[in-house]
Amino acid sequence: MSLLATRKEKFLWWGITPVTARRITNFKANRRGYWSLWIFATLFVLSLFAELIANDRPIIVWYDGGLYLSSINRYAEKTFGGEFETEADYTDPFVQKKIRERGWMVWPLIPYRYDTQVIGLPKPSPTAPSDGNWLGTDDQARDITARIIYGFRLSVLFGLILTSLSTVIGVFMGAVQGYFGGWTDLSLQRFIEIWESVPILYLLIILSAIIEPNFWWLLIILLLFSWMSLVGVVRAEFLRARNFDYVRAARALGASNATIMFKHLLPNAMVATLTFMPFVLSSSIVALTSLDFLGYGLPPGSPSLGELLKQGRSNIEAPWLGITAFVVLAILLSLLVFIGEAVRDAFDPRKSIAAAAPPPEENSDSALTKPALRGASVQ
């Protein structure tokens with residue numbers, strides 16, 4: 001047995017198969033997609049700690065020998081020598097003076113939350129970018145930089161949850177259609193065609209007149225329709241592979257339908273599914289942004305890129321509103337598209353075969369044999 005056959009590939013601390021190793025190599029070969037993944041991951045991880053980056057409360061407070069995590073917990077004003085039992089307002093000069101008398105505070109880089117109204121602006125809002133507000137303020141005197149950070153996190157989390165749930169449902173429905181075929185496939189196809197014809201925008205308009213949409217309501221409503229985008233891909237893969245020899249062998253050995261579907265067929269079908277997931281994620285983010293722009297999305301005051309675009313349309317005299325939202329959204333979607341292209345190249349079997357093929361060079365046996373043959377011919 002050769003050393004190449006016994007060598008085990010590893011990614012970080014996980015053992016991976018040679019096929020997976022080739023796919024990772026192909027993904028890294030696409031430099032644009034590889035660095036887009038790092039940039040997107042870095043921005044998303046930073047946005048998860050938005051309360052430590054943009055907040056109107058200190059990160060930590062040291063007062064009278066005690067440490068208080070004011071960015072996470074809420075403390076009464078009397079805790080810091082005040083007079084009221086209500087939550088301390090750390091922007092109040094009186095509270096700041098009391099804390100400085102017996103301790104100190106560490107403030108975030110941006111001293112505003114997404115819903116904090118900036119006080120003391122030189123002119124009525126919206127105001128242009130300045131040293132205190134790097135991207136300016138919106139029409140309600142809220143810091144745009146803080147709203148961008150929180151809005152980025154909200155959009156990506158919404159897209160990730162919607163993409164994950166819709167992928168599970170879409171893969172399951174496509175697997176059932178493709179594996180069983182016949183009347184099962186025909187019935188579900190007719191159901192999907194009818195369900196796709198339901199106008200989702202009109203449905204949202206009707207529901208918004210009855211209830212106030214929120215994060216979870218929008219997630220459920222969009223999930224009712226977004227799962228259909230992956231059904232066709234999975235169904236085609238199962239239709240193609242259900243009569244392969246290894247499936248017949250598993251069926252002959254007595255394997256159940258569920259075992260064949262999800263243990264043998266699904267890994268092959270997921271190759272095509274994974275290439276679509278970055279594009280499904282980008283479409284989910286665009287759907288939320290579009291609904292917020294039209295006014296049928298998240299509740300008023302929520303940090304949203306679509307709501308900022310809407311403000312840019314309503315305040316033509318403040319171009320930084322629309323430009324900021326457009327640039328952030330364009331960068332976010334571009335990163336996801338580049339990642340999707342790299343994932344598609346990584347799972348392309350032609351590129352995997354090309355990457356796996358050894359370079360056309362002479363091996364050690366041929367290098368030893370040819371001089372011997374030449375010597376034999378001379379003799």
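Visitor: Which residue stands opposite Val61 in E4?

Guide: Tyr68 of E4 stands opposite Val61. The model is predicted: local features need pLDDT of at least 70, side-chain atom pairs count only at pLDDT 80 or more, and totals for chains, interfaces and linings use all residues. Residues are numbered from 1 along each chain as its sequence is written, and side-chain values use heavy atoms, with hydrogens and water left out.

Visitor: OK. How many bridges join E3 to E4?

Guide: There are 3, and the two strands run antiparallel. Strands pair if DSSP finds at least two bridges between them.

Visitor: And E3 with E5, how many bridges there?

Guide: E3 pairs with E5 over 4 bridges, again in the antiparallel sense. E5 covers residues 103-106. Ile60 stands opposite Val106 in E5. Tyr63 has Gly103 of E5 as its bridge partner.

Visitor: Where do the side chains of E3 point?

Guide: They alternate along the strand. Val61 and Tyr63 point to one face and are buried (under 20% relative accessible area; exposed is over 50%, partly exposed in between, with a 1.4 Å probe and protein chains only).

Visitor: Which residues make up the covered face of E5?

Guide: Gly103 and Met105 do. The uncovered face has Trp104 and Val106.

Visitor: Back to the hairpin of E3 and E4. Which residue takes a positive phi there?

Guide: Asp64, with a phi near 55°. The hairpin has 2 residues between its strands. Asp64 is not a glycine. Most residues other than glycine have a negative phi, and most peptide bonds are trans.

Visitor: Is Asp64 buried or exposed?

Guide: Exposed, with a relative accessible area of 52%.

Visitor: What does the side chain of Asp64 meet in a salt bridge?

Guide: The side chain of Arg102, at 3.6 Å from N to O. The pair links distant parts of the chain, 38 residues apart: Arg102 sits in helix H5 (residues 93-102), and Asp64 in the loop between E3 and E4. Arg102 is exposed too, like Asp64. A salt bridge here means a side-chain nitrogen of Lys or Arg within 4 Å of a carboxyl oxygen of Asp or Glu.

Visitor: How many salt bridges does the structure hold?

Guide: It holds 15. One of them joins the side chains of Arg32 and Glu341, 2.8 Å from N to O. Arg32 lies in helix H3 (residues 31-48) and Glu341 in helix H14 (residues 319-346), so this pair ties together parts that are 309 residues apart in sequence. Arg32 is partly exposed, at 46% relative accessibility.

Visitor: What does Arg74 form a salt bridge with?

Guide: With Glu87, the closest N and O atoms being 2.8 Å apart. Arg74 and Glu87 are each in the loop between E4 and H5, 13 residues apart. Arg74 is exposed at 60%. Glu87 is partly exposed at 35%.

Visitor: Which residues are linked in a network of salt bridges?

Guide: Asp138, Arg142, Arg147 and Glu307.

Visitor: New topic. Where is Ala141?

Guide: Ala141 is in the loop between E5 and H6. Its phi is near 60°, a positive value in a residue other than glycine. Ala141 is buried, with a relative accessible area of 12%.

Visitor: And Pro126, where is that found?

Guide: Also in the loop between E5 and H6. A cis peptide bond joins Ser125 and Pro126, with omega at about 5°.

Visitor: Is Gly136 buried or exposed?

Guide: Buried, at 0% relative accessibility. Gly136 belongs to the loop between E5 and H6. In sequence, Gly136 and Leu321 are 185 residues apart, yet in space they are 8.1 Å apart, C-alpha to C-alpha.

Visitor: Last one: which residues of H2 are buried?

Guide: Ala21, Ile24, Asn26 and Phe27.
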